[in-house]
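Thanks for coming, everyone. I have one structure to walk through today. Have a look at it first, and then I'll take it piece by piece.

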Amino acid sequence: MTKNIICVACPMGCGITVEMSDSGEILSVTGNTCKRGDAYARTECTNPVRSLTTTVKVDGGVHPVVPCKSADALPKGKIIDCANALREVEVKAPVKIGDVLCADILGTGVDIVATNHCPEV
Amino acid sequence: MIYDVAVIGAGVIGSMISMELSHYNLSSVLIERFNDVAMGTTKANSAIVHAGFDAMPGTLKAKFNVKGTRLMPETCKRLHVPFRQCGSVVVAFYEDQLKTLQTLYDRGIENGVPDMEILNREQLREIEPHINEIAKGALYAKTAGIVCPYQLAIASAENAVLNGTKVELNYEVEKIDYDENTKLFSICSGDKKIEAKYVINCAGIHSGKIASLIGDNSIEIVFRKGEYMLLDKNQSYLANTVIFQCPSEMGKGILVTKTVDGNVITGPSSIDIGSVDEDLSTNADVLDSVIDAARLSVPEINTRNVITSFAGLRAHSPTNDFIISESEKNPSFINVAGIESPGLSAAPAIGIYIKDLIVEKTGAALKENYEASRKAPVRFNEMTNEERKELIAKDKRYGRIICRCETVTEGEILDAIHSPIPATDVDGVKRRTRAGMGRCQGGFCGSKVVELLAREHGLNLDDITKFGGNSKLLVGKTK
Amino acid sequence: MLSYDIVVVGGGPAGMAAAVKAKECGVDSILVLERAETLGGILEQCIHTGFGLHYFGEELSGPEYADRFIQQVTEKNIEYKIDTMVLEVTADNKVYAVNSSDGLLEIQAKAVILAMGCRERPRGALNTPGTRCAGVMTAGTAQKYVNIDGYMPGKKVVILGSGDIGLIMARRMTLEGAEVKLVCELMPYSSGLTRNIVQCLDDYGIPLELSCTVIRIHGNERLEGVTVAKVDENRRPIKGTERFIECDTLLLSVGLIPENELTREAGIELDPVTSGAVVDESRETTQPGVFACGNVLHVHDLVDYVTLESYSAGEGAAKYVLGTAPAKKYISTKGVGGVRYIVPQKVNLNAGEDVKLYFRVGRVYKGASVVVKYNGYEIMRRKKPRLAPGEMENVVLKESELAKFAEGGLVEISVEE
């Protein structure tokens, strides 16, 4: 079985071909131009992951929301659930870059961290 | 509250009438269905002050145009309204149009138009170097110019407010009753009622409908739609005067000029669309035809430089003249209807004429200490650096630029929000300050204007509209 | 009047990198002027990741990328003023600016670095027919409302244009609970990065329709829908393909325009294709001592390249101030046969280093070659699996190569299939 995927590991957008056996074992990865592409293609065919970026509500900050990201990639199928879960989170100002806003989101083992500062009003 | 006079419609005509009345010992109210003044024909038209040679001698159009144009420079100066007396040229592109120029010239003389001249092609090219080289000659009229129509309406309405006129916005007149005993009109909208001894009907495209509310069905108004395109200021070199083509049945054709702000404007198309649907949409084929026609005048016009397009409706009367008279049904009800071009030019003269009529009927006296002007709006963009320094030293809010393209400061926007007729929405701020009117069309400053409106009016961001009603810009918080 | 060695107009990624580099090159007297409330520029609202892979080797969000430079500006004690708008740059490098605390500032600079960024093409520029209702805005304006102000511009969305901001906003609006019904693109290809089509549209099942545009906007007060149609090879709508899509929001992602009003008023020569200044490899414009970098020079797709370009400008400005800039001996560059433009437009043969020429192609090519010629003679040929308008390319002119060129020569880059 052959899978054609477009690498999203960086803005190059390489087209990668993955040959797989019937049992789902990866036989070869071609078309990538770097190691990250190889890794991406392997994960994408077995357990696709994505990083999540969104915002979280801030109480008493100069802005009503602060941007955040998943510290690691999340299972692709859980992105929407995690985004929805973060609607219910509210943190207190001040927030600093790297602050954990939500630990181990939905039991994925991945933390949600702030990607900007949000000082107090 | 019983008013002496109720003026229905706060376009440039209603606003100028209200201003003139407000200088007399009369109580008056200016009624408007939209949430701001200048929201109908006044905000979307060519903005031209015509010299006055178009209308047939003896018509009201001819009479009020020539008078109004004569009054315009002083009126605008007094009210701090941008006006540029740049003159106009009617261009003959073909040999057979040259005689039309003479006809127009002769008509102008008969109408009492001063300072006209017929130019040969060389003289024309000296004034308009970018005119199509096939141009054969032109009628040049020095008294013509270009004004900011909505500023003129806003300024005169503000002056009226300063002199005690009440402005009732969001008041759509649905019913008018007349009590023969009290001699009072009751002007109703929903469960609201305004009573007045005299009514002036300046309802623009709806003036026929308003007249019919007292049983006067004599006024027929057709919505004549015109579409325009506005080009970037960096194209302002393309036109010095108002460039007309030889006129036709449907009006004065496609003009090319630059607005008081320096943008090149071209239009209008001219299509009658009945009298029901207030269709303000623009159409690709119509705009294409506008550009094609504009290129006959100035071939260098390029759609690449278009920053926006818009449409307006003119109140066309099949009588082809203004209707300015007491209603046959009731002499206390005065129709000012069918005010299409040259209505803007005529506005100052119509204002005075109606005021005289009311003064004659009521015997009201001129107030001893009326305000003749309004507070001059700050225009940071037009100031020298010395003036800017002084201004910011007095009030630091004039040091914060909100609109980058037009260099409009926070102070100017706050002035607009707290003016005698406060701006309550984004377009209201735009008409008063030009914020959002530049080349980025509010891309950057739009959200800041929304913030200021929300802050000053004590509202949330998602309460703020583009132009009232349901024209909300945002639909709630993300979370 | 104040005086500084270098005044930087704009405190986004370009301005900050240029200032940092100039400081490292030994210029102490630097002032950065930023019109927004914080340093960082447009990156502050670009909360998605993907920034910095080339330069930092990690995947940062926009604010994180900006913060790295804000920290450097702070650590290096580089002076800056926020909420400050530059009104004019004169022919003798005087800068007029205004803010509410200092009032009107008059600053004499030895060198000026222009880093004002770009703006989005608005609806008016498209001349899309229809009404002028609320609910039509640029993707960047929507991005600010959603990511900074925490407000939703609408719930049912159509996006016109598949530029990166449009693609990013398609995902963003979806994650915030809106339904993105369609992304339509006038051209037969997307101008966005491929990775963004995959992870912003495909991941969420959002359809992308190429050779398709919005031909009419409906709704009196708030947007009620749009009519879209397929377009032919001349980008004209095809009769019979019109369809109405109900929506309350139309986001426009139809191109970015470098903001060169100051540049134009200063009388600096602009390149009609990039809409940015004509510069040499140090990013010096036609006005001596005035440099330009970042999106004000030409629109970049990756901020990493903005940083590198701004380092060149910062170094160039520093050398200009310190009097160590090499004598000028120019050759010019020109994009031909499928190459729309090249930056820099001219190269100083005395540059004393390898020079990278950045360029963009006019359409998508597969398996084509990039060919570099000097005065008509081929000097380089590189086979490329894929070339696309949305992805900036570059070739390097080696210092050793430059040494062989003569003043007044011409380097041309073309695409050969």
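**A hairpin, a chain, and its neighbours**

Ile324(B) has Val336(B), in S20(B), as its bridge partner. One caution before I go on: this is a predicted model.

Now the strands around that pair. Strand S19 of chain B covers residues 323–326, and strand S20 of chain B covers residues 333–337. The two run antiparallel, and four bridges join them. How many residues does the hairpin use to join S19(B) to S20(B)? Six.

Zoom out to the whole of chain B. We have twelve helices and 22 strands there. The C-alpha atoms fill a box of roughly 65 × 60 × 45 Å, taken along the principal axes. Burial next. Of the 479 residues in chain B, 56% are buried. And the contacts? Take those in chain B between residues at least 6 apart in sequence: 72% of them join residues at least 24 apart.

Next, what touches chain B. On the chain C side, 40 residues are in contact with 45 residues of chain B. Several elements of chain C give two or more residues to that side. Among the strands are S6 (85–89), S7 (94–99), S8 (103–114) and S9 (118–120) of chain C. Helices H3 (123–126) and H4 (139–149) of chain C are there too. Which element gives the most to this side of chain C? H4(C), with six residues. By type, the side of chain C that touches chain B has 15 nonpolar, 13 polar and twelve charged residues.

Chain C also touches chain A. Here 22 residues of chain C are in contact with 20 residues of chain A. S3, H2, H4 and helix H6 (194–201) of chain C each supply at least two residues of that side. H6(C) has the largest share, four residues.

Helix H2 of chain C has 14 residues, 62–75. Which residues of H2(C) are buried? Gly62(C), Pro63(C), Glu64(C), Tyr65(C), Ala66(C), Asp67(C), Phe69(C) and Val73(C). What do they pack against? One partner is on another chain: strand S6 (65–70) of chain A. The others are in chain C: helix H1 (13–24), strands S3 (49–51), S4 (60–61) and S5 (79–81), and helix H8 (303–322). Just after H2(C), Asn77(C) takes a positive phi of about 55°.

Last stop, the domains of chain C. The assignment gives domain 1 as 1–119 + 256–325, domain 2 as 122–254 and domain 3 as 327–417. The centres of domain 2 and domain 3 of chain C, taken over C-alpha atoms, are 35 Å apart. Their contact takes five residues from domain 2 of chain C and five residues from domain 3 of chain C. On the domain 2 side, that is two nonpolar, three polar and no charged residues.

That's my tour. Over to you.

Key
Residues are numbered from 1 along each chain as its sequence is written. Chains are lettered from A and ligands numbered from 1 in the order in which they are written. This is a predicted model: local features need pLDDT of at least 70, side-chain atom pairs count only at pLDDT 80 or more; totals for chains, interfaces and linings use all residues. The expected span of a helix is 1.5 Å times one less than its number of residues. A residue is buried if 20 or more other C-beta atoms lie within 10 Å of its own, exposed if 12 or fewer, and partly exposed in between; C-beta atoms are placed from the backbone. Two residues are in contact if their C-beta atoms, placed from the backbone, lie within 7 Å. Domain bounds come from an automatic or database domain assignment. Ala, Val, Leu, Ile, Met, Phe, Trp, Tyr, Cys and Pro count as nonpolar, Asp, Glu, Lys and Arg as charged, and the others, Gly among them, as polar. Two strands pair if DSSP finds at least two bridges between them.
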